[in-house]
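Work through the exercises below with the sequence and the coordinates at hand. Each task is followed by a solution in steps.

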Amino acid sequence: MPEKITTEDLVNNIAGTLADTKLKSSSLFGEETSSSVTTQSNRLFGRQKPVHHILGGGKSADVLLWRNKKISASVLTAATVVWVLFEWLNYHFLTLVGFALVVGMLVQFLWSNFSGMISSSSPSKVPRLVLPEDLFVNIAVSIGAQINRGLAFVQDVAYGGNVKQFLKVVGCLWIAAVIGSWCNLLTILYIGFVAAHTLPVLYERYDDQVDSFVYQVLGLLEHNYQKLDAGVLSKIPKGKPNRKKYE
């Protein structure tokens, strides 16, 4: 006959089972936490937030990360069409504006004169396209603010007396000038536009591989920069920094 199980034995068994489950879960969550902390520490530039949040978290981030494939593909296709028209087909901006206005006027003319003949009811009103004045003001203000920030940064570096930072900025500007000699401004803008619509989504999908590769490249560059600093930059006399900065 089976042994009789008392209430005390049943309570002890339940308590032991709960203790073992709690110990296993705590060890499991501890391993997951340590691995997640290690992964976050190896993120690019110490990134801890998702890519969508870094890009603003709004509709623009959704477009760049292809949350809605139709909208993202439409935006990229429109930019490609504009680049092909201006770069490959050698159309000019004034020519396209003239053709667009002619087509728009033709459509409105046919709509206003033949809508009453087609439909028995009263002719429909032709829609009018009116751009808000605030749109141009906001664009001009945003562009002016970015230009002033760039000028202020360049002047701060020039007057700061930090030779290393000065050489870095000069090197970046020199690389930009070399790239600008290879292609025109429209092509550079198009390349940047395509990169903005492809690199973030690729990084979001393959972030671990990209982070490890970028850290290897940065380590190699840091090693070479330390050699250059020890051999050349450290021997350059530093000037007195000018505390007056342009606001």
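**Exercise 1. A charged pair**

Is Glu-204 buried, partly exposed or exposed, going by its relative accessible area?

Solution. The model is a predicted one, in which local features need pLDDT of at least 70, side-chain atom pairs count only at pLDDT 80 or more, and totals for chains, interfaces and linings use all residues. Residues are numbered from 1 along each chain as its sequence is written, and side-chain values use heavy atoms, with hydrogens and water left out.

Step 1. Apply the cut-offs: buried is under 20% relative accessible area, exposed is over 50%, and partly exposed is in between (1.4 Å probe, protein chains only). Glu-204 has a relative accessible area of 31%, so Glu-204 is partly exposed.

Step 2. Look for a partner, taking a salt bridge as a side-chain nitrogen of Lys or Arg within 4 Å of a carboxyl oxygen of Asp or Glu. The count comes to one salt bridge. Glu-204 pairs with Arg-67, and the closest N and O atoms are 3.0 Å apart.

Step 3. Because Glu-204 belongs to helix α8 and Arg-67 to the loop between α3 and α4, the pair ties together parts that are 137 residues apart in sequence. Arg-67 is partly exposed, at 45% relative accessibility.

**Exercise 2. The order of the elements**

How many helices and how many strands are there in the protein?

Solution. Step 1. The protein has nine helices and zero strands.

Step 1. Read the order from the N terminus: α-α-α-α-α-α-α-α-α.

Step 2. Check one helix, with an expected span of 1.5 Å times one less than the number of residues. Helix α7 (residues 163–182) has 20 residues and should span 28 Å; the end C-alpha atoms are 29 Å apart, which agrees.

Step 3. Examine the N-terminal end of α7. Asn-162 caps this end, with a side-chain oxygen 3.3 Å from the backbone nitrogen of Lys-164.

**Exercise 3. Aromatic rings**

Which residues do ring pairs link into a cluster?

Solution. Step 1. Set the rule: rings of Phe, Tyr and Trp (its six-membered ring) pair if their centres lie within 6.5 Å, and planes under 30 degrees apart are stacked, over 60 edge-to-face, the rest tilted. Searching the whole structure gives two aromatic pairs.

Step 1. Take the tilted pair: Trp-83 and Trp-88 are 5.6 Å apart centre to centre, with 55° between the planes. Trp-83 is buried at 15% relative accessibility, whereas Trp-88 is exposed at 61%.

Step 2. Take the stacked pair: Trp-83 and Tyr-190 are 4.8 Å apart centre to centre, with 5° between the planes. This pair links distant parts of the chain, since Trp-83 is in helix α4 (residues 69–88) and Tyr-190 in helix α8 (residues 185–205), 107 residues apart. Tyr-190 counts as buried at 16% relative accessibility.

Step 3. Join the pairs: the cluster consists of Trp-83, Trp-88 and Tyr-190.

Step 4. Thr-187 lies in helix α8 and is buried at 11% relative accessibility.

**Exercise 4. Positive phi**

Where does Trp-66 lie?

Solution. Step 1. Most residues other than glycine have a negative phi. Trp-66 has a positive phi of about 60° although it is not a glycine.

Step 1. Trp-66 lies in the loop between α3 (59–64) and α4. With a relative accessible area of 25%, Trp-66 is partly exposed.

Step 2. Asn-90 also has a positive phi, near 55°. Asn-90 is placed in the loop between α4 and α5, and is exposed with a relative accessible area of 55%.

Technical notes
Helices (H or I, at least four residues) and strands (E, at least two) are DSSP runs, numbered from the N terminus. A polar contact is a pair of N or O atoms within 3.5 Å; within protein, one must be able to donate a hydrogen and the other to accept it, and residues adjacent in sequence count only if both atoms are side-chain atoms.
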